[in-house]
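Take a look at the structure below.

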Amino acid sequence: MKTLLLIDIQNDFMPGGALAVPDGDEIIPVVNALMVDFDLIVATQDWHPPDHGSFAANHPGAKFFDQIELDGLPQTLWPVHCVQNTGGALFAPSLETRRIDRLFTKGINPRIDSYSGFFDNGHRASTGMGEWLKARGVRQLSVAGVATDYCVKYTVLDALAEGFEVEVIAEACRGVNLGAGDVECALEEMRQAGARIV
């Protein structure tokens, strides 16, 4: 079963959003065109409570992109983004959401971040996505979305660890690139782990 996994194509990650990924909106026509080639389409959605510990605003004196420890794990501090039941958490309006068969939310626990669509960052809790996909006989995943160097990367690495074959559709992904070369490094890390970059 050909399965397309869409990562966090949400308003806050689009240009003008709270945590805009450069040129993030450019992937949407590519993704919409890809959808017709797949039997199953699954999407992830960042879905943070307002008091999430990854938000710089919840740490007095902290700045965006500071590095802290959150519940025993290293954590980058982000602008407030993708808060539950806000416009920023909604899918980008031009995304053809009617084709999405199943949605998995992540980042719900305020004490731990969740870049991956499969698990939180400490692998302490599952979103249920891996189990759901396996129950439907899915063995291969094609991945698109944002951001290449964060949520796409960690989702792909977890998918590989869970035994899925994975291809990353590079033209349908965009990255944050906080540090120069982060996107290229992320693509190489995924490739080294066994993903195909197409």
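## Helix 4, side by side

On one side of helix 4, Glu-184, Cys-185 and Gln-192 are exposed. Keep in mind that this is a predicted model.

Which residues of helix 4 are buried? They are Val-183, Ala-186, Leu-187 and Met-190. These four cover an arc of only 100 degrees around the axis, which puts them on the same side of helix 4. The exposed residues Glu-184, Cys-185 and Gln-192 sit on the other side. An α-helix has 3.6 residues a turn, so residues three or four places apart point the same way.

What do the buried residues of helix 4 pack against? Their partners are helix 3 (148–161), strand 7 (165–174) and strand 8 (196–197).

The length of helix 4 can be checked too. The helix runs over residues 182–193, twelve in number. At 1.5 Å a residue, it should span 16 Å. The C-alpha atoms at its ends are 16 Å apart, which agrees. Just after the helix comes Gly-194, with a positive phi of about 120 degrees.

## Helix 1

Helix 1 has its own buried set: Ile-27, Ile-28, Val-31, Asn-32 and Leu-34. Seen down the axis, they fall within an arc of 160 degrees, so they line one face of the helix. The cover over these residues includes strand 1, strand 6 and strand 7.

## The nonpolar core

In soluble globular proteins, nonpolar side chains tend to be buried together. In this model, the largest nonpolar core has 58 residues. Those with the most contacts inside it are Leu-6, Ile-9, Val-31, Phe-118, Leu-133, Leu-141 and Val-156.

At least two residues each come from strand 1 (3–7), helix 1 (27–34), strand 2 (40–46), helix 2 (129–135), strand 6 (140–146), helix 3, strand 7 and helix 4. Which element gives the largest share? Helix 3 does, with six residues.

Now pick out Leu-141. Set aside its neighbours within four places in sequence. Its contacts then include Thr-3, Leu-5, Phe-118, Leu-133 and Ala-159. Leu-141 also touches Phe-164, Glu-165, Val-166 and Glu-167.

## Cysteines without disulfides

How many disulfides does the structure have? A search of the whole structure finds zero. Take Cys-82. The closest cysteine sulfur to its own is in Cys-151, 8.8 Å away, too far for a bond. A disulfide needs the two sulfur atoms within 2.5 Å. Cys-82 counts as buried, at 0% relative accessibility. Cys-151 is buried as well, at 8%.

## Salt bridges

Side chains of opposite charge can pair when their charged atoms come close. The structure holds eleven salt bridges. Three of them are listed here.

| Salt bridge | N to O distance |
|---|---|
| Asp-71 and Arg-111 | 3.1 Å |
| Glu-96 and Arg-99 | 3.0 Å |
| Glu-167 and Arg-196 | 2.6 Å |

Start with Asp-71 and Arg-111, which meet in a salt bridge. Asp-71 lies in the loop between strand 3 (67–70) and strand 4 (73–76), and Arg-111 in the loop between strand 5 (102–106) and helix 2, so the pair ties together parts that are 40 residues apart in sequence.

Next, Arg-196 forms a salt bridge with Glu-167. Arg-196 lies in strand 8 and Glu-167 in strand 7, so this pair ties together parts 29 residues apart in sequence. Is Glu-167 buried or exposed? It counts as buried, at 17% relative accessibility.

In the remaining pair of the table, Glu-96 is partly exposed at 24%. Elsewhere, Asp-8, Asp-46 and Lys-106 are linked in a network of salt bridges.

Most residues other than glycine have a negative phi, and most peptide bonds are trans. Where does this model depart from that?

Ala-147 lies in the loop between strand 6 and helix 3.

Two residues other than glycine have a positive phi to note. Phe-65 has a phi near 75 degrees. Phe-65 lies in the loop between strand 2 and strand 3, and is partly exposed at 35% relative accessibility.

Note on methods:
Residues are numbered from 1 along each chain as its sequence is written. This is a predicted model: local features need pLDDT of at least 70, side-chain atom pairs count only at pLDDT 80 or more; totals for chains, interfaces and linings use all residues. Side-chain values use heavy atoms; hydrogens and water are left out. The expected span of a helix is 1.5 Å times one less than its number of residues. Buried means under 20% relative accessible area, exposed over 50%, partly exposed in between (1.4 Å probe, protein chains only). The arc is that of the directions from the helix axis to the C-beta atoms. Contact means heavy atoms within 4.5 Å. A nonpolar core is a set of buried Ala, Val, Leu, Ile, Met, Phe, Trp, Tyr and Cys residues joined through side-chain atoms within 4.5 Å. A salt bridge is a side-chain nitrogen of Lys or Arg within 4 Å of a carboxyl oxygen of Asp or Glu.
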